[in-house]
Every structure is written in structure tokens, then in C-alpha cells.
Amino acid sequence: MDQGNDQANSKTTGHVVRVAGGMDGFTRGEWNSLSDSHKTSGNNYNPFISYDFLTTLEESGCVGGRSGWQPHHLKLESAEGVLVGAIPCYAKSHSQGEYVFDQGWADAFERAGGRYYPKLQSAVPFTPATGPRLLVAGGCDPLTVKAGLAEALRMVTDRLGVSSAHVSFLPQDDVALMEAAGFLHRTDQQFHFFNDGFSGYDDFLATLASRKRKALKKERREALADGISIDWLTGRDLTERVWDDFFTFYIDTGSRKWGRPYLNRQFFSLIGERMADDILLVMAKRNDRYVAGAINFIGSDTLFGRNWGCVEDHPFLHFEVCYHQAIDFAIANKIRVVEAGAQGEHKLARGYQPVTTHSMHYIANPSFRRAVADYLRRERQEVKLMGDYLAEHTPFRKDDQ
């Protein structure tokens, strides 16, 4: 299927499937009609699937070009050419920036004589945050459209002759539908904070065991002991000078963690222009200059913690800026959930609870699909056992405390 030109018909739903080679394949109005992608009344807004976020990734060059993330967005249209659904999707030449690790699958498939890359990846690049992947236009039947999108992704994978298609960090409610379309289910673990209507941080602390409360109070005091203060910056506070400071932090962490940071300086300028009210920068200041910071994105009911960095090392400052301050902001603004990014069992002691995340995988080769399915059955069991164990070791008070 030629990107942006060819089309195919869905066998079961009668829809037309097209592939767009970028967000310019949609008008803003079309994209904003899709579920959870735009701030409207009653909409569970997710900033990462907004038109502005995905367009900024493309216009800044963070995806496309030589990034190994080639936009390959799927459009599902009615016979009359009206958009009814879409999938944010990319053709990938590697497995970096996904946070659902399949490099072992790639090695095994290629040792057996196959070609794993390119593959299709439905995801928000560089963003391990759960959100909609099967996007439905307003006024359409969600189950019908989602079934059509799942079939479309499988069909495009087969027509392109690529090894596989992967859907990362999708809601659990869509798992069964995608399994019915031939996708394999994979699980993993993250840690989220749940705001149970707390009136303040002390109200939250009261839910913890006494020893844990004391430890967190001490940790927060020590994080600010070197004359450090904390600023919350959003909206008009996000000046180019602030972005210069934060980008310095981001580059330092990215260079040490994975060698080449995924986001460039232009991305932060553009996202600051377009989504300033959806961004929270938590910035730590010492001697009248910023020395550390973390970026968060604000959804309708979720604060998404993303990148962190620093130019000075201070005990516990990472925990303060990334986790404690996020809880403070969520409580102050009545935000229900804080998603603090991928992995990190150290979050458990700071009031974040284990949560299962979900991804779905279509493997075109039947023999390889069977091998992956067997692996995933065992992996899901291990993830569940670990989740059960972690849930028993949260810092919250037990009934007898």
C-alpha cells in the first residue's frame, strides 16, 4: 500500500482504509472530532493524542526524516469519504523510544532468517503513557469503528509485507476487541498515584503507615535543605529562557540514559507556544538559578509526568521534583491520577501504586506468532504475580495500624 495514496476496503465493516504520511493528512477539525483528542465538554482529554502534540513531533523533526519513526497514520472512512476513526501509527526501523521492549523478538526472528524491521507501531513516540489508540469520531458507534480500525491495522500490515504491528499503552477496555482481531496481549507494570479527594499533602500522608510518613517528611525536608525552592510554571510562565534551562536538564539526562535524546530544542519551543496551558514545569531553584526540573502534561483527569533533568546533584531532589511535587499539584488542582512514567519500583514508597499496562501485538508469520504467544502467556503470569506482591507492600496503613 502506497503511503497517502492507495486505499483498501475493510471486509467486515465496509469502511475505506487509507494511510496518511503525516498529520497533514487530517484537517484540525477532522482530528479534533476524534475521541479524547480535544478539550470539549464531557471529553476525557489526553494531551498526547492531540493534533498539536502529534503535529509538533513531526514539524520539529523528532519523528520523520532519519529518526526511524515514519508517520503512517491510519484513516478509516465511510464509503462517502467521511472520517470515522483513526490510529496514530508509525513505520519503525528500530525499537527505540517505545518502552515496550521487543528487541529480543527481533533478534530471534532475524536469527531464524526473517526480517523484523520495518514494523508498524501505534504509539505516541517517546511517551509511555496509557491513552486511546483506536480513535473514534463523534457520533459513530465505538465498537463498530474500533473493530474496523483493528482489522485495518492488521490488513495494512499484511499488505505492506512487514513483520508485525504493535499497539502500545492502550486502555484495558480495548484489549478483548483487539484479541478478537488476532492481536496478542502483553502486560507490564507502572506506578500511579490516585488522588482520593485529599484536601492537602498531609491528608494524603495520613493514609500511610507511621514509619512511612516520617520517612517521606524527612526526605522532603532534606531535598530542599541546600536553599532550594520549587516553582510551578505553566501557561505564560513558559518563556524561551525557561525552555533553555529545561532543555539543558533534559539533554544531560538523555545523554546519560540512552545516548541521544529523542526531543530537540525546537520541539519545546513549539509545544510551549501551542500547549502552554497543558504543561506543568516543576523547576528547582538555588542561588537564583534553576538547577533541575521535570515536565508534566495535564489531561482532563490525569497529570502525566514525563522528562526530568538537573545540572546539580542534591539528595532526594529527583524524588521531590518528579513525584512529591506532582502529588502536591494533583491535590491542589483536583486531578484524579498522576502517571509517573515507565518502571520504577522506588515510586511505591512515595505513595504510587502498581498498575498493569497493556499492549497488543500482531505477528504476521504464523510460526513466530505461536512462539510469541507462548512467551506472552508466561510473561503475563509473571507480571501478575509481581503486581500482587507489590500491592501487598504499599506504604499505606493496614487496618490494624
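The legends below describe close-up views of a predicted model. Local features need pLDDT of at least 70 and side-chain atom pairs count only at pLDDT 80 or more, whereas totals for chains, interfaces and linings use all residues. Residues are numbered from 1 along each chain as its sequence is written, and side-chain values use heavy atoms, with hydrogens and water left out.

**View 1. The largest nonpolar core and its contributing elements.** A nonpolar core is a set of buried Ala, Val, Leu, Ile, Met, Phe, Trp, Tyr and Cys residues joined through side-chain atoms within 4.5 Å; buried means under 20% relative accessible area, exposed over 50%, and partly exposed in between, with a 1.4 Å probe and protein chains only. This core has 48 residues, of which Trp31, Phe53, Leu57, Trp243, Phe246, Phe268 and Leu281 touch the most other members. Among the elements that each supply at least two of its residues are helix H2 (51-59), helix H8 (240-258) and strand E13 (289-298), and the largest share, 6 residues, comes from H8. Helices (H or I, at least four residues) and strands (E, at least two) are DSSP runs, numbered from the N terminus.

**View 2. The surroundings of Phe268.** Leaving aside residues up to four places away in sequence, Phe268 is in contact (heavy atoms within 4.5 Å) with Trp243, Phe246, Phe247, Tyr250, Leu263 and Ile295. A second, separate core of 36 residues includes Leu205, Ile228, Trp308 and Leu348.

**View 3. Helix H4, residues 142-160.** The expected span of a helix is 1.5 Å times one less than its number of residues; for the 19 residues of H4 this gives 27 Å, which agrees with the 27 Å between its end C-alpha atoms. Just after H4, Gly161 takes a positive phi of about 75°.

**View 4. Salt bridges involving buried side chains.** A salt bridge is a side-chain nitrogen of Lys or Arg within 4 Å of a carboxyl oxygen of Asp or Glu, and by this rule the count comes to 23. Arg220 pairs with Asp328, their closest N and O atoms being 2.6 Å apart; Arg220 lies in helix H7 (residues 210-223) and Asp328 in helix H10 (residues 317-332), so the pair ties together parts that are 108 residues apart in sequence. Arg220 is buried at 14% relative accessibility, and Asp328 is buried at 18%. Glu77 and Lys75 form another salt bridge (3.8 Å, N to O), in which Glu77 is buried at 7% and Lys75 at 10%.
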